[in-house]
Amino acid sequence: MSMGDLNGDGRPDLVAAHPSGSLATSLGQADGTFKGQELKPVPYQPRSVALGDFNGDKKADALMGDKKIGRIAFVPGNGDGTLGKPAYMDVGAQPNDVVAADLNGDGKLDAVVANAGTHQVTLLQGKGDGTFTAQPKALDGGPNALAIADFNTDGTLDVAVAQLNSNTVSILLGNCQ
């Protein structure tokens with residue numbers, strides 16, 4: 001699940017990959033609640049979703065792991081709650097999870113993808129225009145889920161990787177300096 005302003009009303013909305021192969025959206029309301037879940041059919045099968053302005057147009061875009069074809073889909077937001085045409089990027093098989101943050105401090109959103117099928121975590125360094133440079137890192141345990149935070153309190157974001165096959169969590173320390 002991810003949060004961002006999909007419809008440009010200044011309130012956060014929730015989006016999640018739904019097992020039906022749809023996106024489940026709940027629009028934020030003025031009172032802090034969310035309008036009921038709406039399933040939006042999409043031409044891909046999202047496994048996970050991260051929202052953010054990946055292309056610099058001040059509209060929430062989506063970055064999704066597509067389980068149908070085993071790639072990442074960058075889907076630009078239209079600013080009215082709808083999404084545009086996806087552009088695909090190969091990052092490894094079984095993109096189970098994707099998370100986004102500015103990991104290197106350049107003001108552009110980056111993303112991290114857990115690829116269980118290739119036992120890799122892939123850093124997608126954002127270029128600010130909806131495209132990315134991929135940097136894979138091999139892990140032995142079958143990366144399945146991700147979280148981003150400053151785990152060692154050094155002022156730099158790190159990535160936690162839950163590994164399905166080994167029942168372990170690895171911390172990939174950031175080094176933006």
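In the predicted model, glycine 56 counts as exposed, since its relative accessibility is 51% and the threshold for that class is over 50%. The residue is found in the loop between S5 and S6. Its C-alpha atom is separated by 17 Å from that of asparagine 104, a residue 48 positions away along the chain.

The loop between strand S5 (46–52) and strand S6 (61–66) also holds phenylalanine 54. In contrast to the exposed glycine 56, phenylalanine 54 has 2% relative accessibility and therefore counts as buried. The structure holds two aromatic pairs. Phenylalanine 54 and phenylalanine 74 form an edge-to-face pair, with 6.4 Å from centre to centre and 90° between the planes. This pair links distant parts of the chain, as phenylalanine 74 belongs to strand S7 (residues 71–75) and the two residues are 20 apart. Both phenylalanine 54 and phenylalanine 74 are buried. Phenylalanine 54 also pairs with phenylalanine 132: the ring centres are 5.8 Å apart and the planes meet at 65°, so this pair is likewise edge-to-face, the angle being over the limit of 60 degrees. Because phenylalanine 54 lies in the loop between S5 and S6 and phenylalanine 132 in strand S12 (residues 132–138), the pair ties together parts of the chain that are 78 residues apart in sequence. Phenylalanine 132 has a relative accessibility of 10% and so counts as buried. Through these ring pairs, Phe54, Phe74 and Phe132 are linked into a cluster.

The chain as a whole contains 15 strands and zero helices. Its radius of gyration is 16 Å, which agrees with the value near 16 Å for a compact globule of 177 residues. Along the principal axes, the C-alpha atoms fill a box of roughly 40 × 35 × 30 Å. Of the 177 residues, 40% are buried. The accessible surface comes to about 8,600 Å², and carbon and sulfur atoms account for 51% of that area. When contacts between residues at least 6 apart in sequence are considered, 28% join residues at least 24 apart.

Glycine 8 is found between strand S1 (2–4) and strand S2 (13–18), and its relative accessible area of 57% makes the residue exposed. Glycine 105 is located in the loop between strand S9 (95–101) and S10. With a relative accessible area of 61%, glycine 105 is also exposed. The C-alpha atoms of glycine 105 and lysine 68 are separated by 33 Å, the residues being 37 apart along the chain.

Strand S9 includes alanine 101. At 12% relative accessibility, alanine 101 counts as buried, because the limit for burial is under 20%. Beyond its neighbours within four places in sequence, alanine 101 is in contact with Leu109, Asp110, Ile148 and Leu157. Its C-alpha atom is separated by 12 Å from that of glycine 128, which is 27 residues away along the chain.

Most residues other than glycine have a negative phi. Histidine 119, although not a glycine, has a positive phi of about 55°. This histidine lies in the loop between strand S10 (110–115) and strand S11 (120–126) and is partly exposed, with a relative accessible area of 28%. Threonine 153, likewise not a glycine, has a positive phi of about 50°. Threonine 153 is placed in the loop between strand S13 (143–149) and strand S14 (158–163). Its relative accessible area is 68%, so threonine 153 is exposed, whereas histidine 119 is partly exposed.

Methods:
Residues are numbered from 1 along each chain as its sequence is written. This is a predicted model: local features need pLDDT of at least 70, side-chain atom pairs count only at pLDDT 80 or more; totals for chains, interfaces and linings use all residues. Side-chain values use heavy atoms; hydrogens and water are left out. Helices (H or I, at least four residues) and strands (E, at least two) are DSSP runs, numbered from the N terminus. The radius of gyration is taken over C-alpha atoms; the globule rule is 2.2 Å times the number of residues to the power 0.38. Buried means under 20% relative accessible area, exposed over 50%, partly exposed in between (1.4 Å probe, protein chains only). Contact means heavy atoms within 4.5 Å. Accessible areas come from the Shrake-Rupley method with a 1.4 Å probe; for residues, only the protein chains shown count as cover. Rings of Phe, Tyr and Trp (its six-membered ring) pair if their centres lie within 6.5 Å; planes under 30 degrees apart count as stacked, over 60 as edge-to-face and the rest as tilted.
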